[in-house]
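Me: Please take a close look at how the strands pair in this model. Then carry the account through to where the two chains meet.

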Amino acid sequence: MQAKTLFEKIWDQHVVQPETTDTPAVLYVDLHLIHEVTSPQAFALLRESGLPVRRPDLTVATMDHSTPTTPPGPDGLFVFSDGQAEEQVRQLVANCAESGIELHELGTGSQGIVHVIGPELGFSQPGKTIVCGDSHTSTHGAFGALAFGIGTSEVGHVLATQCLLQRQPKTMEIQIDGQLGPGVTAKDLILAVIAEIGVGGATGHVIEYTGSAIRTLGMEERMTVCNMSIEAGGRAGMVAPDDVTFEYLYGRPEVPEGLEWEQAVESWRSLASDEGARFDSVVSLDAADIEPMITYGTNPGMAMPIRGKVPALNGNHSHEQALGYMGLEPGKQILGTPVDVVFVGSCTNSRISDLRQAAALLEGRRVADGVRMLVVPGSQVVKRQAESEGLDQIFRDAGAEWREAGCSMCIAMNGDQVGKGQYSVSTSNRNFEGRQGPGARTFLASPATAAACAISGCVADPREAS
Amino acid sequence: MSRPPLARFEARFVVLESENVDTDQIIPARYLKGTSRNGLGAGLFADWRYDENGEPRSDFVLNQPHAESAEVLVAGHNFGCGSSREHAPWALLDHGIRAVVSTGIADIFRANSLKNGLLPVVVDHATHGRMLEAGSGSVTVDLEQQVLILEDGTRASFPIDPFSRHCLMNGIDELGFLLDQAEAIAEHERNVSR
Ligand code: SF4
């Protein structure tokens, strides 16, 4: 039998109609995640066409992008930043009720960022095809699932047919061997990968991360890595399931039990890429070479080691535009640049291990004067866990704000935003112009680096703060 | 849902030289709070088009006289990267853009564009370079022949998925094709649950 990659195995198992020269493949979707921002027009389309939702039982909804992260008032009501956001959320509630879709609503114990709750409730499992109208759906690939973001028209297609029209993408292996140094995290690893291959480097490809450095990562770290696959242009990112995966999943609400669990694990084990399976392209990195990373520009590929120097102008218009926007001088370090805001959160770095990482540095210390630090857990489950460990108290004692779960300052749709011209160190995934608010200047970094920056009040090396 | 068939058209083009233009620039997140797909042109490139008082910035290409009535946008490499928001092609279409030309277009944006009748055109560096240099002008987009024809007669072929091309040229929505697969889909579901 021909050796197959993890991706090819999952793809083949989900092809309802194979592709031909004239038509794309019809691919079955096992799990469809939806949220308030990219679904309303899709439900409207179904309504206009008189179509029902085919598999509400394979669809799961949450609200996260435009929801407030401040607790509800004494009346139990949440205060939205504006009426439009509230209306969007109201429509999601109505659409889910009408179609019988499970909704993890604001104010309930399971609400959170779609890419945080999928894994933690056990919906995201090896071998599944998972889609969502959100580019960071690649996160779920950490489980050895084929997970990718789709547009709203496609959300409509999946609601109506549970299928998508897809051409088979190419595959790319990103092999990372060796060991990460002290103070170097999964976030630094993926920023280093994107800096290496570029923001369009994996366009048209599904990435599989392999190598000893990936194997030693925990599930939450693997999620951080897969999450940012899209920032390299990748269609999806995946890691083959192993004992780390199974241990994480065992006992979660949506995961099978007993004999079914045993059978599931057995079949999940067979998903790993076969010996000798071929990838369309291969990139190798040595984990030992990776340092704590920070971005200096306006896309995630414009990243460098934290002690590095901003690259010189090279006649490239976009490079010049980015440095102009960021207000940074070419050839200079950004270490020591004063920061205004520190944000720990987002589907990249808002899980319990991320909060522990930040708390470890902040314990017994203070956020520097003049710096606003916001800590936003990825879900209500993460929030409760952090509170049971006393992390919220560490953050509060340090002078940081401890919030309710949501996307918050990652996308600045809910009123949490960075001011014009302000510098923010953020654990999120996008440093695009205006992403954290009009005129906001974002440095992407790990939770450890973010915490170190909060303490020093300027861009700082986490290895010196611990 | 059907839309007017697309085959061949001649139009003015404008150039936005930046590379890696992400969908957050094409339409900032604050314009994503609506629940309809109409009227999004108002948010198109909002942070580049307008200053903080909402006044048009004269140095932004879409605000310049030659950009008026342009229906083709020529942009730098890797256009449409980032967020999966379909609001990006909706906003471009609402503004009157019918095709985007680049040397590389991000996957999700490309898929979203095709589903809405916005043509993603990937051309070779030489042709792209000529258009960047010209800054503006007229161009013929021929979907049937899959070729872009510049004013000086230069022809550049571009790839497009045959199925998407068929749908665009006949004004067909892809959902219809999927709905026709109902039997095969049900069969797959039976096999999985067995
Ligand atoms: S946290 Fe940010 S990147 Fe993740 S889903 Fe929310 S808005 Fe998107």
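Reply: In this predicted model, strand β6 of chain A, residues 129-132, pairs with β7(A) in the parallel sense. Four bridges hold that pairing. One pair to look up on screen is I130(A), whose bridge partner in β7(A) is A147(A).

The two strands belong to an open sheet of five, ordered β5-β4-β3-β6-β7 in chain A. Its pairing is parallel. β5 (102-104) and β7 (146-149) of chain A stand at the edges. Each has a single partner strand, so one side of each is left without a neighbour in the sheet. From one strand to the next, the twist averages 20 degrees.

Chain A also holds an open sheet of three strands, in the order β1-β2-β8. Here the pairing is antiparallel. β1 and β8 of chain A are the edge strands, and each pairs on one side only. Neighbouring strands of this sheet are turned against each other by 40 degrees on average, with direction ignored. β2(A) and β8(A) run antiparallel and are joined by four bridges.

Now chain B. Strand β1 of chain B, residues 8-16, pairs with two strands, taken here in turn. With strand β5 of chain B, residues 136-142, the sense is antiparallel and there are seven bridges. E10(B) has T140(B) as its bridge partner in β5(B). With strand β2 of chain B, residues 72-75, β1(B) runs parallel over four bridges. In that pairing, V14(B) has L73(B) of β2(B) as its bridge partner.

Next, the place where the chains meet. Chain A brings 61 residues to the contact and chain B brings 49 residues. The size of an interface is often given as the accessible area lost when the parts come together. For chain A and chain B, the buried area is about 4600 Å². Carbon and sulfur atoms account for 57% of it.

Seven salt bridges are counted between chain A and chain B. One of them joins R167(A) to D161(B), with the closest N and O atoms 2.4 Å apart.

Which elements of chain A each supply at least two residues of the side that touches chain B? Among the helices are α1 (6-14), α2 (40-49), α3 (83-99), α5 (152-161) and α11 (317-326). The strands are β1 (15-17), β2 (25-28) and β8 (163-166). The largest share comes from α5(A), with six residues. By class, the side of chain A that touches chain B has 21 nonpolar, 28 polar and 12 charged residues.

This ties back to the sheets. β1, β2 and β8 of chain A form the three-stranded open sheet, and each supplies at least two residues of the side that touches chain B.

Note on methods: Residues numbered from 1 in each chain as written. Chains lettered and ligands numbered in written order. Predicted model: local features only at pLDDT ≥ 70, side-chain atom pairs only at ≥ 80, totals over all residues. Heavy atoms only, no water. Contact = heavy atoms within 4.5 Å. Buried area = accessible area lost by both parts, 1.4 Å probe. Salt bridge = Lys/Arg side-chain N within 4 Å of Asp/Glu carboxyl O. Nonpolar A, V, L, I, M, F, W, Y, C, P; charged D, E, K, R; others polar. Pairing = 2+ DSSP bridges. Axes fitted to C-alpha atoms, helices over the stretch in contact; angles between N-to-C directions.
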